[in-house]
Amino acid sequence: MPQFEGNDLYIEQVKLSDIAKKYKTSTYVYSKSKIVTNFENYKKALGSREGLICFACKTNSNGTILKLLAKLGAGADTTSGGEIYRCLKADFDPSKIVYAGVGKTAEEIEYALKSRIFMFNVESFEELDAIDKIAAKIKIKAKIAFRINPHVDPDTHSYIITGKKGTKFGIPYEEAVKAYLAAKQKKNIEILGIHSHIGSQILDIDSFRLAAQKIKKIVNIVEKNGIKLEYVNFGGGLGVEYKKDQKAPSPKQLISELFPVFDENKKFIFEPGRSIIANAGHLLVKVIYRKISGGKSFLITDAGMNDLIRPTLYEAYHEILPVKMTNDKKVKTDVVGPICESGDFMGKDRMLPFVEQGGYLLITCAGAYGFAMSSEYNSRPLLAEVLVNGDKTMLIRKRAKYEDLLLNEV
Ligand SMILES: *Cc1c(COP(=O)(O)O)cnc(C)c1O
């Protein structure tokens with residue numbers, strides 16, 4: 001996490017105010033060592049047990065970050081043809097790429113097969129048919145797991161629950177066995193395992209354990225039917241500490257909870273996204289104006305909901321820190337963006353020094369679903385991204401220009 005030394009806020013050994021001057025704002029800033037530590041924590045938790053940690057690259061698909069993780073031995077969890085493309089470009093071993101998603105198109109399936117990815121996490125009977133047909137056409141056998149919806153209801157925002165009855169995700173629990181029996185009949189399908197991903201930003205281990213126990217029941221029945229399931233994939237979903245009073249379980253706590261549910265010979269796959277990259281990235285913004293209106297104080301920044309949509313979309317909380325500590329009295333203030341929507345805010349009712357005009361703030365813990373969900377709404381060019389490594393910084397994505405806004409217009 002960013003740390004104060006004296007009055008200055010640092011990421012690793014670099015002053016954030018120096019990053020702001022060098023690269024301008026708003027800018028996403030990542031800590032390399034934090035990414036490495038977060039990933040290594042999963043690897044260590046897996047221990048000597050055979051398995052794969054697949055980074056959920058929808059959380060952050062910057063090529064430099066993907067390359068870093070690929071080099072550390074990560075696999076990739078992808079949700080589209082575009083993500084498979086990015087992961088291949090970032091040197092992920094195709095045999096470590098898994099592919100989930102409720103709406104894989106024929107083009108995407110063919111691309112994935114030709115790229116020789118590890119496996120599809122199949123989410124419907126019709127998708128199974130489609131994969132089988134395409135695999136037959138191009139004569140490449142498809143390796144699959146079924147994504148099973150275990151019908152558990154973790155305590156998280158309703159938009160990011162995926163394992164509850166009635167969501168669009170996965171094969172409904174009651175139909176899981178039927179799905180495996182159907183797949184067994186398909187000539188171009190090879191069954192490798194079972195998958196479940198119950199949601200995101202989950203802070204209680206109980207939901208994971210409950211899901212694992214339900215998945216184990218399916219595994220038993222399926223294996224009794226002569227279908228061997230070599231891999232058990234638990235998806236991602238482990239939460240992070242956005243607020244000081246939140247307590248996130250460690251990968252070790254999560255994994256040691258799940259191991260005993262299954263036999264020793266099962267291979268495990270995890271697909272962490274948020275818990276690898278969220279707290280390794282932050283959004284550095286500048287205060288453009290200050291104002292007091294209707295008895296409220298506002299800090300108006302150069303980043304808007306197009307740059308970081310989580311507060312708007314999920315009412316997500318991000319801790320906001322001044323980049324320079326001053327003796328100014330703290331006031332209760334809303335931190336907002338320049339966009340013409342009342343939902344355009346980064347934080348509400350925060351106790352912050354009424355930072356001077358031109359001063360900087362850090363919206364913390366924005367590395368996951370931050371840049372990746374950004375858009376050009378209000379014709380605002382996409383932001384720059386910077387990676388900090390010790391006392392060095394490296395630009396890993398250039399700030400887009402006005403010309404880029406017109407790039408594909410005809
Ligand atoms: C989004 C997603 C993940 C990653 O979830 P996090 O909460 O970011 O860890 C993993 N697997 C699948 C299938 C997903 O859709």
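Predicted model: local features only at pLDDT ≥ 70, side-chain atom pairs only at ≥ 80, totals over all residues.
Colleague: Why is R310 called buried?

Modeller: Buried means under 20% relative accessible area. R310 has a relative accessible area of 4%, so R310 counts as buried.

Colleague: And which residues does R310 touch?

Modeller: Leaving out residues up to four places away in sequence, R310 touches Y242, R274, E315, A316, H318, A368 and Y369.

Colleague: Is Y369 buried or exposed, and how do you know?

Modeller: Its relative accessible area is 11%. The cut-off for buried is under 20%, so Y369 is buried. Y369 sits in the loop between β19 (360-363) and β20 (384-389). Beyond residues up to four places away in sequence, Y369 touches K58, T59, S200, R274, L308 and R310.

Colleague: What does UniProt list as "binding site"?

Modeller: The unreviewed UniProt entry lists R274, R310, Y314, E341 and Y369. They are spread over 96 residues of sequence, and in space up to 27.1 Å between C-alpha atoms.

Colleague: Okay, on to the nonpolar cores. Which residues touch the most other members of the largest one?

Modeller: That core has 105 residues, and I35, L69, F92, F120 and F146 touch the most other members. Helix α8 (residues 205-224) gives the largest share, 8 residues. The core draws at least three residues from each of domain 1 (3-30 + 279-404) and domain 2 (32-278).

Colleague: What about a second core?

Modeller: A separate core of 15 residues includes L16, L321, V323 and V386.

Note on methods: Residues numbered from 1 in each chain as written. Heavy atoms only, no water. Core = buried A, V, L, I, M, F, W, Y, C linked by side-chain atoms within 4.5 Å. Buried < 20%, exposed > 50% of the residue type's maximum accessible area, 1.4 Å probe, protein only. Helix = DSSP H or I, 4+ residues; strand = E, 2+ residues; numbered from the N terminus. Domains from an automatic or database assignment. UniProt positions renumbered as here; feature names shortened; annotations may be inferred. Contact = heavy atoms within 4.5 Å.
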